[in-house]
Structures are given as structure tokens and as C-alpha cells.
Amino acid sequence: PYTTLFRSDVFIAGGFTPNNDGNNDRIYPILAGISSFSYFKIYNRWGNLVHQSSSTDPAQGWDGRYKGMDQPADTYTWVVEAVGNNGKSIRKSGSLILIR
């Protein structure tokens, strides 16, 4: 089938600006060729989990807040896990920049 021509992957933007202007206010996973999505986690520089979701709905993405408080402009680490349409597990990590 044609779906085997496409690579399964999860993409995360390199940064976002949660200032409620309607542009790039949340960061969330973008899926390509994924059959199931497990989680998207974001950690601050001290290793504290500041966001966790098993949803790919942009409205459920991280809004730059933790326990109701705006988090500082900084670099954060993310981890995702999913399963591709080919049945292979995908685990990725990286960093993103919260811009204020």
C-alpha cells in the first residue's frame, strides 16, 4: 500500500511564544503516519515535569504555564513516544525554546 512510502514520525516545533496573541501560543506534537500516540512530556532545566499529555489536539498543547504560573523564557526538554503505521515504536527527545 502507498502508506509504506511515507515515513512515520513525530514533529515538535523548536520554539513558541505563549503570549495569547493567537499565534504559536501552544506547543504540541504533529504526527505523520502514526497509528497510536503515547505521550508528550516537557521538562524544565531542573528536570521537573511541567507538562504531560497523551493528546495531539493543539488545544491540549503546553501553554507555557506550570501550576498556574507563567514559566520563564528558557530552553525546555521534550520527550515523545508513539507507534508508527508500520508497528515500530518511535521515541524521540529534543529541546524547545519558550520565548516571552
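A salt bridge here is a side-chain nitrogen of Lys or Arg within 4 Å of a carboxyl oxygen of Asp or Glu, and the side chains of Arg45 and Asp74 meet in such a pair, with an N to O distance of 2.5 Å. The structure is a predicted model, and the protein in it has 9 strands and 0 helices. The points below take up the overall dimensions, the sheet, the nonpolar core and the charged pairs in turn.

**Overall build**

- From the N terminus on, the elements of the protein run β-β-β-β-β-β-β-β-β, and the C-alpha atoms fill a box of roughly 45 × 30 × 20 Å when the box is taken along the principal axes.
- Of the 100 residues of the protein, 32% count as buried, while the accessible surface comes to about 6,200 Å², with 49% of that area belonging to carbon and sulfur atoms.

**The open sheet**

- An open sheet is formed by 5 strands in the order β2-β9-β8-β4-β5, and the pairing within this sheet is mixed.
- The edges are taken by β2 (15–16) and β5 (49–53), each of which has a single partner strand, so one side of each is left without a neighbour in the sheet.
- Strands of a sheet pair through backbone hydrogen bonds, either parallel or antiparallel.
- Strand β4 (residues 34–43) and strand β8 (residues 74–84) run antiparallel and are joined by 8 bridges; within this pairing, Phe40 stands opposite Val80 in β8.
- Strand β4 also runs antiparallel to β5, to which it is joined by 4 bridges, and here Tyr43 has Leu49 in β5 as its bridge partner.
- The hairpin of β4 and β5 has 5 residues between the strands, and in this hairpin Gly47 takes a positive phi near 85 degrees.

- In soluble globular proteins, nonpolar side chains tend to be buried together.
- The largest nonpolar core holds 17 residues, of which Ile12, Ile27, Phe40, Ile42, Trp62 and Leu96 touch the most other members; the elements that give two or more residues to this core are β4, β8 and β9 (89–98).
- Which residues does Phe40 touch, when those up to four places away in sequence are not counted? The contacts of Phe40 are Ile12, Ile27, Tyr28, Pro29, His51, Gln52, Ser53, Trp78, Val79 and Val80, and Val80 is also the residue that Phe40 stands opposite in β8.

**Salt bridges**

- The count for the protein comes to 6 salt bridges, and side chains of opposite charge can pair when their charged atoms come close.
- Lys92 and Asp9 meet through their side chains at 2.9 Å, N to O; Lys92 lies in strand β9 and Asp9 in strand β1 (residues 9–11), so the pair ties together parts that are 83 residues apart in sequence.
- Arg45 and Asp74, the pair named at the start with a distance of 2.5 Å, link distant parts of the chain, with Arg45 in the loop between β4 and β5 and Asp74 in strand β8, 29 residues apart.
- Within that pair, Arg45 is exposed, with a relative accessible area of 55%, whereas Asp74 is buried, because its relative accessible area of 15% falls under the 20% cut-off.
- Arg91 forms a salt bridge with Glu81, with 2.8 Å between the closest N and O atoms; Arg91 lies in strand β9 and Glu81 in strand β8, so the pair ties together parts that are 10 residues apart in sequence.
- Arg91 counts as exposed at 59% relative accessibility, while Glu81 counts as buried at 17% relative accessibility.
- Salt bridges that share partners join Arg7, Asp9 and Lys92 into one network.

Technical notes
Residues numbered from 1 in each chain as written. Predicted model: local features only at pLDDT ≥ 70, side-chain atom pairs only at ≥ 80, totals over all residues. Heavy atoms only, no water. Pairing = 2+ DSSP bridges. Core = buried A, V, L, I, M, F, W, Y, C linked by side-chain atoms within 4.5 Å. Buried < 20%, exposed > 50% of the residue type's maximum accessible area, 1.4 Å probe, protein only. Contact = heavy atoms within 4.5 Å. Areas by Shrake-Rupley, 256 points an atom, 1.4 Å probe, with all protein chains shown as cover.
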